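Please read them alongside the sequence and the coordinates.

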Amino acid sequence: MSDIETIGEFPVDQPKSAPEDRAENGPFDEVEASPVRPYVDLGGVKILPREGLHLRLEIEEESKRVVAIGLDYANSTLQVQPFAAPRSSGLWHEIRDQISDQIAKQGGTTTLREGPFGPELLAQIPVASATATPGTTRLARFIGVDGPRWFLRGVIAGEGAVNADAAAAVEDLFRSIVVVRGTTPMPPRDLIPLRMPTNPAGDTTTSV
C-alpha cells in the first residue's frame, strides 16, 4: 500500500482520532517539535535519528517520487505516510474502513482494537509470492493519528506486530515523528510531498 497518494473520498465530519497527549508526546506538528533536535528532514516528515534505525525511501516507479518512508527498527518495519487533512475534523475513522475493504478484497482479514494511539487495525494479509506456501499470511498493524491539518498513517510489521517489547520501541519511534504540513493549500487526503534528505547517503537507503 506504499503507492497510495490519496486516500479516498469521504465526508469530513468525523472527530479527530489521536492520543490525548499528542501535542506533548507526539507525533508532533512542526510548531510543537524541539527546534534544537537533529532531525532528518524528509519534506513532509522529520525523523529523529537513533541507534539501530535504518531509513528507506519508497519511490513510485513511474513518477520517481517518494511516496512513503520506511523505517527498520527493533526487528520491525514502520512505514509512514503524511496526508493533508481538514483543520477541525479527522480522517482516521473512515480510512480504517477503506483499509479493511482493501485487505478483504485481497483475501485477508482485519480486527479493530484499541491501541496506544487509539483505534487500530490488526491485519492478516495474504503473502503474494511464487515461493510462499498457499494460505500464508503476514501480520501488520495499521495505526493512524489525526493532527492539526494533517493525518499520519503508520503500518507496523515484523516483531512490532507480535512482540510487546518491540512494539513499544516502534510506537516510541512513531511518537517521535514530526509532520510538516506547510502552508501550501492542499485537498484533504492528498499525500504531503516527501523528498530525499538534503545530504542522502547512497541511493534510497540511509542509516540514521
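1. Strands here are DSSP runs of E of at least two residues, helices are runs of H or I of at least four residues, and both are numbered from the N terminus. Two strands are taken to pair if DSSP finds at least two bridges between them.

2. The model is a predicted one, in which local features require pLDDT of at least 70 and side-chain atom pairs count only at pLDDT 80 or more, while totals for chains, interfaces and linings use all residues. Residues are numbered from 1 along each chain as its sequence is written, and side-chain values use heavy atoms, with hydrogens and water left out.

3. pLDDT is the predictor's confidence in each residue, on a scale from 0 to 100. The chain has a mean pLDDT of 88, and 87% of its residues reach 70 or more. For residues 1-6 the pLDDT is below 50, although this stretch has 27 contacts in the model beyond near neighbours in sequence. Residues 200-207 also have pLDDT below 50, with 14 contacts beyond near neighbours in sequence. A contact means heavy atoms within 4.5 Å. Where pLDDT is low, predicted coordinates should not be read in detail.

4. As to the chain in general, it contains 3 helices and 12 strands. Of its 208 residues, 48% are buried; buried means under 20% relative accessible area, exposed means over 50%, and partly exposed lies in between (1.4 Å probe, protein chains only). Among contacts with a separation of 6 or more, 64% are between residues 24 or more positions apart. The accessible surface comes to about 10,200 Å², and carbon and sulfur atoms account for 50% of it. These areas come from the Shrake-Rupley method with a 1.4 Å probe, and for residues only the protein chains shown count as cover.

5. Ala-74 is a residue other than glycine, and its relative accessible area of 27% makes it partly exposed.

6. Arg-189 belongs to the loop between β11 and β12 (205-207). Is Arg-189 buried or exposed? At 6% relative accessibility, Arg-189 counts as buried.

7. The peptide bond from Gly-26 to Pro-27 is cis, with omega near 0 degrees. Pro-27 is found in the loop that runs between α1 (22-25) and β1.

8. An open sheet of 4 strands has mixed pairing and the order β1-β11-β3-β2. Its edge strands, β1 (28-29) and β2 (40-41), each pair on one side only. Within the sheet, β3 (residues 45-47) and β11 (residues 178-179) are antiparallel and share 2 bridges. Lys-46 has Val-178 in β11 as its bridge partner.

9. Leu-55, in strand β4 (residues 54-59), has a relative accessibility of 1% and therefore counts as buried. The C-alpha atoms of Leu-55 and Asp-72 are 6.4 Å apart in space, while the two residues are 17 apart in sequence.

10. Thr-137 is placed in strand β9 (residues 137-147) and, at 39% relative accessibility, is partly exposed. Which residues does Thr-137 contact, leaving aside its neighbours within four places in sequence? They are Gln-124, Ile-125, Pro-126 and Val-127. With Gln-124, the side chain of Thr-137 makes a side-chain polar contact of 2.8 Å. A polar contact is a pair of N or O atoms within 3.5 Å; within protein, one must be able to donate a hydrogen and the other to accept it, and residues adjacent in sequence count only if both atoms are side-chain atoms. Gly-108 is 29 residues from Thr-137 in sequence and 7.9 Å from it in space, C-alpha to C-alpha.
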